[in-house]
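Please open the model in your viewer and keep the sequence beside it, as this tour moves from one selection to the next.

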Amino acid sequence: IASHFYTANYFVKTHEIIQNNLNNLEVTMQFFQRKDNVMVAGIDEAIALIHTFGQNVEKLHIEALHDGDIVNANEPVLKIKGRYVDFGYLESLIDGILTRRSNVATNTHDVLVAAGDTEVFSMADRQDDYLTQAGDGYASFIAGIKKFSTDAQGSLVGIKGMGTMPHALIAMCDGDLVKACELYNKTYPNEKISALIDYTNDCVSEALRVARHFGPKLGSVRLDTSLSLLDEYFVRKGDLNPENKGVSPLLVFAVREALDNEGFKNVKIVVSSSFNPQKIKEFKDKKVPVDLFGVGSYIVNTKSVGFTGDVVAVNGKPQAKVGRKEYFSDRLEKVIYKRD
């Protein structure tokens, strides 16, 4: 960052131009986006960036909202006043931080609103570059998620990753879920087992098989059926309705009923695979007995917002390209710079 490795080249050139010709010129720069009901995140990170890589930071006047605030279109979330040469080269990095973190926070918030009182587990680690995990996890935490699949996702908020097994473990046990769970139990005897029951595309049968074998050691079963598959439960019934493909409400009801009928009411049900706010809302509206939603791609791959930074005043005089102007907000709070 200090060497401008991540900075758009035209900002680097502009920094040199201003430094050599208009060194004392002061500007007001604001950061905003254009959608309503957005949960902003990345504010603290952006301020830390300015405090670490800006120049004469004690002379900058910074105002900002808080991570987790809900904002609307054109509402400024961050304003910086001071000499352009002291911070202007950080504009594109701040845009990127606010955009990425706010997208993840907003998407997570939308998922959690849909889920209501049902917990959500972030499986977003596998949906993007691994270097994004810590910041994405922080943004999801700001929105309300407390369960992550990797240590990296929870690293900035002190939460360890969780989870039991992938399909790969079952494959290496020749497709035998019970054997996979036995090996898991042998290796982690003090943990409850969470069995991934869709490997053979027969969730009801596999749920009962592991429940009968492990009894109270079985904590939960997870359904992760592909949207392209119709579970054998429906095939046996002759119900070939394509609406039941994947992890469908009726399949979850069937697993819950089968477990309950044999006295395994304490076994929880986890669902994953293609869950988003719309699908979660459908499950909630139908009162599908889900104890934990696993959500991955929607959290990090859905683009909700894009932040932009604009110079909107120069030496105290309004100055911006046509269509842009300074936006004012009484929600912004002054940021106090403290030296270590």
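Predicted model: local features only at pLDDT ≥ 70, side-chain atom pairs only at ≥ 80, totals over all residues.

Residues are numbered from 1 along each chain as its sequence is written, and side-chain values use heavy atoms, with hydrogens and water left out.

Next, select cysteine 173, which counts as buried at 4% relative accessibility and whose sulfur is 8.9 Å from the closest cysteine sulfur, again in cysteine 181, too far for a bond. A search of the whole structure finds zero disulfides.

Now turn to valine 221, which is one of the residues with the most contacts inside the largest nonpolar core, a group of 61 residues; such a core is a set of buried Ala, Val, Leu, Ile, Met, Phe, Trp, Tyr and Cys residues joined through side-chain atoms within 4.5 Å. Helix α8, residues 203-214, gives the most to this core, with seven residues; helices are DSSP runs of H or I with at least four residues, numbered from the N terminus. Apart from this core lies another, of 34 residues, which includes Leu25, Ile47, Tyr89 and Val335.

Which residues line the largest cavity? Select Ala124, Asp125, Asp128, Asp129, Thr132, Gln133, Asp136, Gln153 and Val300 to show the lining of this cavity, which has a volume of about 40 Å³. A cavity is a set of points, on a 1 Å grid over the protein atoms alone, where a 1.4 Å probe fits but cannot get out, and lining residues have an atom within 4 Å of a point; the volume is the space filled by probe spheres set on the points, which are joined across faces, edges and corners.

Finally, select aspartate 86 in helix α3, residues 84-87, which is buried with a relative accessible area of 2%. Leaving aside neighbours within four places in sequence, aspartate 86 is in contact with Gly54, Gln55, Asn56 and Leu60, contact meaning heavy atoms within 4.5 Å.

How values were computed. Helix = DSSP H or I, 4+ residues; strand = E, 2+ residues; numbered from the N terminus. Buried < 20%, exposed > 50% of the residue type's maximum accessible area, 1.4 Å probe, protein only. 1 Å grid on protein atoms, 1.4 Å probe; cavity = no way out; pocket = protein on both sides within 12 Å on 5 of 7 lines; lining within 4 Å. Disulfide = S-S within 2.5 Å.
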